[in-house]
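Visitor: I have the sequence and the model open. Let us go through them together.

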Amino acid sequence: MSVSPPPFSSTSDLTPDATKPRWGTRWLGPLVLLGPAGLWLLLLLVLPTLVIFQLSLVPNIRPGDIVNPSGIDNYLLVFNPTNFRVIVRSLGLAVGTTLLCLGLGFPVAYWIAVLAPKRWRNLLLLGFILPLWTSSLLRTYAWITILRPTGVLNSILSTIGLPTLEILNRTPAVLVGMSYSFLPYMVLILYSSLEKLDRALLEASADLGATPPQTFWKITVPQALPGIAAGSLLVFITSLGDFIDPELLGGASSMTVARLIYNQFLGQTQNWGFGSALSVVLIFAVSLSIALLLKYGDSSATQR
Amino acid sequence: MTETVRNDRSESPDTPPSPEELPPDMANPSAKPSISWQALFVGAMFAFMYLPIAVLAAYSFNESAYSANWEGFTLQWYERLLTDFRIFSALKNSLIVALTAVVVSAVLGTLMAVGLARYRFPGKKLYLGISYLPLIVPDIAIAVATLVFLAAVGFSLSLWTIVAAHIVFCLAYIAIVVSTRLADLDPNLEEAALDLGATPTQAFAQVLLPQLMPGIVSGCLLAFVLSMDDFLIASFTAGAGATTLPMEIFSRIRTGVKPDINALSAILIVVSGLLAFAAEYLRYRSETGNPK
């Protein structure tokens, strides 16, 4: 996530002075290059975020109301028992998705990066993340076709004589959908970390009599830890803010923060102030998890 | 795809693995049986990734609209789709949004990447941090913030407000891809052009830009796919009648399974597969074409 050292730094003090002697034009270059994008981000990202901070302090606001900041009522509403359960459920789903992606993704990344023939690695990785290019809505929709009561899964189960499953519109369906959606990201990040694995260490460990599990837990995992941390963080924050999977697969029982926010703006009962407060809480949760990673995680974890 | 996975390395005896790329398990014969077990698991995960896509494609040819059982081959869902006016108008809106946003973002994002690589200035860390925000902040929060802001300044929503909102994340992604490319370039070339009397604008347009082109194009492809895929930000910033393709798909599938959407999925899968192939080909060419 970090930008590499500026390759043009040597020209930074040379270009404007040597070719344009007047000091007034020193600022022309940076202004032309960085001004337009900066202005756009300021107008449509920074200012809007500040506006929802302000709006989150207005209780019961509806479109067209006069803005009059007056307190923390919306935040008290966020933490009332009903809404707090929604937050806890969202966190639980995000943690569950992260663990599932880690558990399923690590063997895949390890196999591609370490065990697969070298010349196939790029192609295998590309093949695994290729479904990311198709519409995320349609990939989630496919799971409705598979998991619904008369769907593919249940017709297979009943053909081979097993009892059918009621999964759709329940929590397991959301976990399946979110893990499916975010597994490629996990594999991508784990792969780039496992690819740099020091094989000499693995061999030394085996030579010195360590069993394969010992080598795995004491040599491989510590080396891959930055990748594990970065991949887990990415999946965690993406699933925390995910709307499509819980909305389409979760039914009424899986209300999450993202769905609750959506309802405050485009749903039946609109409350912009409450929705803004929820968004602020969501942004805060995401920032907090990134800050925790930066503080306690290996600093190289964020460098992809 | 699953077939290449199960391809064991023993099936390619023409290239014996050199010692340093010998897998650690090979040195330890007792671990050998676990290789096939791992390959089997990876094969199953590949199947998991492609299962939903295969299901959508298969059912788009199924006669029965609602049953999971196969009741005969048909093209009726494709016929129905091709006469569906609303899908085409949504597709047109999506293309207008994605193409406009990508073209504007290509300019802004490239300028930004070059500027960030070239200059040091007070507040650069803040600028850099803000440019990463669209990648980190959840879509729903960006969507809410944009809607609330547009309402607060009294800007009426239309197709162009979607474009404005999409430019925010498109330019962030393009800037990152271009920055990566920029870091691999030889800075001496542009300095040489300046030494030889080129104006900064000439050096930029004739030396730097051609070198950056592969990065810009693959960044644009990524941004295009993300823009075409976005549902949340578009539905929050869309004016009346400005329905994009994901919005149209969402409004149909939330009420259940729709066979003509299966047909649409199959078509979109083929198109996005071609796009992915084009992007990877470009990346591959830009990586091998500039060995450094």
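Visitor: How many residues of domain 1 of chain B are in contact with domain 2 of chain B?

Guide: This is a predicted model. In chain B, domain 1 covers 2-7 + 14-59, and domain 2 covers 80-289. Contact here requires C-beta atoms within 7 Å. Domain 2 of chain B brings four residues to the contact, and domain 1 of chain B brings four.

Visitor: What classes of residue make up the side of domain 1 of chain B that touches domain 2 of chain B?

Guide: That side has no polar and no charged residues. Its class count is four nonpolar.

Visitor: Which element of chain B gives the most to the side that touches chain A?

Guide: The contact between the chains takes 88 residues from chain A and 96 from chain B. On the chain B side, the residues divide into 71 nonpolar, 15 polar and 10 charged. With 14 residues, the top contributor is helix α2 (residues 33-59) of chain B.

Visitor: How far apart do the C-alpha centres of domain 1 and domain 2 of chain A lie?

Guide: The domain assignment of chain A gives 11-42 as domain 1 and 73-302 as domain 2. Their C-alpha centres are separated by 42 Å.

Visitor: Is Leu39(A) buried or exposed?

Guide: Leu39(A) sits in helix α2 (residues 28-55) of chain A. From Asn80(A) it is 41 residues away in sequence and 39 Å away in space, C-alpha to C-alpha. Leu39(A) has 11, so it is exposed.

Notes:
Residues are numbered from 1 along each chain as its sequence is written. Chains are lettered from A and ligands numbered from 1 in the order in which they are written. This is a predicted model: local features need pLDDT of at least 70, side-chain atom pairs count only at pLDDT 80 or more; totals for chains, interfaces and linings use all residues. Helices (H or I, at least four residues) and strands (E, at least two) are DSSP runs, numbered from the N terminus. A residue is buried if 20 or more other C-beta atoms lie within 10 Å of its own, exposed if 12 or fewer, and partly exposed in between; C-beta atoms are placed from the backbone. Domain bounds come from an automatic or database domain assignment. Two residues are in contact if their C-beta atoms, placed from the backbone, lie within 7 Å. Ala, Val, Leu, Ile, Met, Phe, Trp, Tyr, Cys and Pro count as nonpolar, Asp, Glu, Lys and Arg as charged, and the others, Gly among them, as polar.
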